[in-house]
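Let's take a walk through this one, going from charged pairs to rings to helices. Have the model open as you read.

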Amino acid sequence: MNFVTARHNPFATDLLHAVPFRFFQADWEENLQRLAKLSYRAAIVGQRGSGKSTLLRELVKRLPTVGQPVTYLSLPMEKTTHGKLLTAGLASSSRGAVLVVDGIERLSLINRFRLMRETKYLPGLVTTQHRTGRLPTWIHCRTSITLLLEILQDLQLSQPEIIAAGEQAFLRSRGNIRDTLRALYDLYAMGEFSSITDR
């Protein structure tokens, strides 16, 4: 078995981050217009691994192009830092920036209430969450085998054995694209795709 180093793995995180988010409806221009109509106060909703964080990262880059400064707040699993991170994010938003929060459901109920209350009259609040909530839904992220195949094509990895392994991993992960790509990373790292890694 031929093991592949991380820097030679085509499923490495930096390469995956370069794959653009795909909307099921409309394009960036139309969806940004719809977000503006929601006063930049909305949620990106979807299951784990459906592309919410990918979309949010792209949104952070695009909002300044339409005259909206951004403060990006990514909440880690460790809750002990949430209060300080939230305070810093709210302070920045109060100076005229739309606050975008990745992982609002990681906040305690008290901090979530604080976030909603203190951003009510600020430039905007966009969050990622697994279910609909108090904010109107801007985009509902969904996954499919077709989406997976498009991502593999973007990565120039549409060889039959990778597609077959990807489809199996997608079904095992119940449609979680992130976990599917991690599984393919591991398989590639172990040299399982011999017709490709032996080249």
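Which side chain meets Arg-182 in a salt bridge? The partner is Asp-179, at 3.5 Å from N to O; a salt bridge here is a side-chain nitrogen of Lys or Arg within 4 Å of a carboxyl oxygen of Asp or Glu. Asp-179 is partly exposed, with a relative accessible area of 33% (buried is under 20%, exposed over 50%, partly exposed in between, with a 1.4 Å probe and protein chains only).

Before going on, a word on the ground rules. This is a predicted model, where local features need pLDDT of at least 70 and side-chain atom pairs count only at pLDDT 80 or more, while totals for chains, interfaces and linings use all residues. Residues are numbered from 1 along each chain as its sequence is written, and side-chain values use heavy atoms, leaving out hydrogens and water. Helices are DSSP runs of H or I with at least four residues, and strands are runs of E with at least two, numbered from the N terminus.

The count comes to five salt bridges. Arg-22 pairs with Asp-154 at 2.8 Å, N to O. Arg-22 lies in the loop between α1 (13-17) and α2, and Asp-154 in helix α6 (residues 145-154), so this pair ties together parts that are 132 residues apart in sequence. Shared partners join Arg-22, Glu-150 and Asp-154 into one network.

Now the rings. There are five aromatic pairs (Phe, Tyr and Trp rings, the six-membered one for Trp, with centres within 6.5 Å; planes under 30 degrees apart are stacked, over 60 edge-to-face, the rest tilted). Phe-21 and Phe-23 have ring centres 5.2 Å apart and planes at 75 degrees, so they are edge-to-face. Both Phe-23 and Trp-28 are buried, and ring pairs link Phe-21, Phe-23, Trp-28 and Trp-138 into a cluster.

Trp-28 also takes us to the helices: with Leu-32 and Leu-35 in α2, Trp-28 meets Leu-55, Glu-58, Leu-59 and Arg-62 in α3 (contact means heavy atoms within 4.5 Å). Helices α2 (residues 28-37) and α3 (residues 52-62) pack at about 85 degrees, with axes 12 Å apart; axes are lines fitted to C-alpha atoms over the stretch in contact, and angles run from 0 to 180 degrees between N-to-C directions. They are therefore roughly perpendicular (65 to 115 degrees; under 35 is roughly parallel, over 145 roughly antiparallel, the rest oblique).
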